[in-house]
Each structure stands twice: as structure tokens, then as C-alpha cells.
Amino acid sequence: MKIRPEEIKPKKIRFGFLVSGRGSNMLAIIDNCKAGKLNAEPVVVISNNADAGALEYAREAGIPAFHLSINTHADSSRLDDEITNTLKSHEVDWLILAGYMKKIGPRLLGEFRSKIFNIHPSLLPRHGGQGMYGLHVHEAVLASGESETGVTIHMVDGEYDQGKILAQEKVSVEVDDDPATLAARVLKLEHELYSETLQRVIDGKISL
Ligand code: GRF
């Protein structure tokens, strides 16, 4: 039987996740993979936090999930090796950071160079870098008096919140916003923009 070119499905990209907390961005990506909106497959989840909601979500979804941290591997280079080996043994193509609060180790960075993605809840380079996580980001936006903030999807290099920017979208800051209301509005966009951007990279519409 002859197979027409349009019947040949491109290989799904295998996603590995690094997460620390709630995991709502990871979950949005997993849901979009399941719904066929993202031509990718979640294959493993690693968290530095044994109590992360993200590990729970992953286990419920039947995705292998591991807690790897200084509590399981006191030596940082052994931890770096273990994280890298776990991703490689699950044949991960791309590494998706979704609220991961730790710096990436040198071996991991080397093995997955140009294949590590992150999301940040502001318009980088504004309100990024060390200490800029969670509500701190939105507090800084409100303190600056800026009228807009947004979401950034970027590649990861060795530093916090640096690396090539792949996509940014704006969110307006309202006069009566507090950090929590602003965070909620930004998070809604995060859940859309991360998957959309990854699919645009898969489609070759964004070059790395
Ligand atoms: C998100 O705001 C993300 O942009 C930032 O950390 C937060 C993680 O939230 N890097 P969740 O764990 O995905 O719900």
C-alpha cells in the first residue's frame, strides 16, 4: 500500500519537565499534548521538591515522576549527573522548565544546549534574575508603576532568566491590581503562550 506524504505524521518531540511547585504550566502543556494541539509527548517529570503538586499531576497522568534534589544527592555534581541521566534514559528531546527554582547544572546544560526552554511572568529583561519568582515579580511590576507587564518564553543558558527570547506577549496592569490579581491575569496568558510558542518552534516558525 502506498502512503501519501500527508499521511506521514512527524515524530513527536519528547518533552522532559523540570518543576518545583504547583505545576499549572506543565499541566497546560500536558493537556495540549493530549488534545493534539502540541505535537509533543510528555515523557518524564523531575522536581527538586518532593511535595510539588506537579509530581502529583504527573503521577496521575501516568508520566514517570522523580524527586531529585540536594536531599537525594548532597553532592551537586552527582545531582547534575542524576538529573541528566534520568532525562537521557527517558530519551528526552527538549527540556521544559516550568516554575523550576534551581539553577541548571553544567552537565545538563551541555547535554541539552539549545534545547532548554523556560517561561517567565514578566516582559524580560524587566523584572527577571535572582529573587524574581512568584509574587515578587508582580510586586516589582506594581512598584515600578508600569502600565503593562506580560509573559516571556525564552531559551535557557547558565544564568537566571537570560537566553534568547522566543516570544513575548503583553498584559495590562489595572489601577486596582494587587500582586495576586495581576499574577492570575498573567498566569492565564502563560498557559496559552508556552504551548503556542513550543508548537511554533516545532513547526519551524521560530528559529532557535
Ligand atoms: C509561573 O508563573 C512561571 O512563569 C514561573 O513560575 C510560575 C510557575 O507556576 N517561572 P506553575 O508551577 O506552572 O503553576
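Tutor: Between domain 1 and domain 2 the count of salt bridges is 0. Polar contacts do occur between domain 1 and domain 2: the count is 5 residue pairs, both residues at pLDDT 80 or more. That threshold applies since this is a predicted model.

As for where the elements lie, β1 (13-19), α1 (24-34) and β4 (94-98) each supply at least two residues of the side of domain 1 that touches domain 2. The largest share of that side comes from α1, with 5 residues. By residue class, the side of domain 1 that touches domain 2 divides into 13 nonpolar, 4 polar and 4 charged residues.

The division behind this puts residues 12-113 in domain 1 and residues 119-203 in domain 2. To the contact, domain 1 gives 21 residues and domain 2 gives 16 residues. The C-alpha centres of domain 1 and domain 2 are 21 Å apart.

Next comes the area. The size of an interface is often given as the accessible area lost when the parts come together. For domain 1 and domain 2 the buried area is about 1,600 Å², and carbon and sulfur atoms give 66% of it. On the side of domain 1, the residues that lose the most area to domain 2 are Asn25, Trp94 and Lys103, together 31% of what that side buries.

In short, the contact between domain 1 and domain 2 has 0 salt bridges, 5 residue pairs in polar contact, and a buried area to which carbon and sulfur atoms give 66%.

Terms used. Residues are numbered from 1 along each chain as its sequence is written. This is a predicted model: local features need pLDDT of at least 70, side-chain atom pairs count only at pLDDT 80 or more; totals for chains, interfaces and linings use all residues. Side-chain values use heavy atoms; hydrogens and water are left out. Domain bounds come from an automatic or database domain assignment. Contact means heavy atoms within 4.5 Å. Buried area is the accessible area (1.4 Å probe) that two parts lose on being put together, summed over both. A salt bridge is a side-chain nitrogen of Lys or Arg within 4 Å of a carboxyl oxygen of Asp or Glu. A polar contact is a pair of N or O atoms within 3.5 Å; within protein, one must be able to donate a hydrogen and the other to accept it, and residues adjacent in sequence count only if both atoms are side-chain atoms. Helices (H or I, at least four residues) and strands (E, at least two) are DSSP runs, numbered from the N terminus. Ala, Val, Leu, Ile, Met, Phe, Trp, Tyr, Cys and Pro count as nonpolar, Asp, Glu, Lys and Arg as charged, and the others, Gly among them, as polar.
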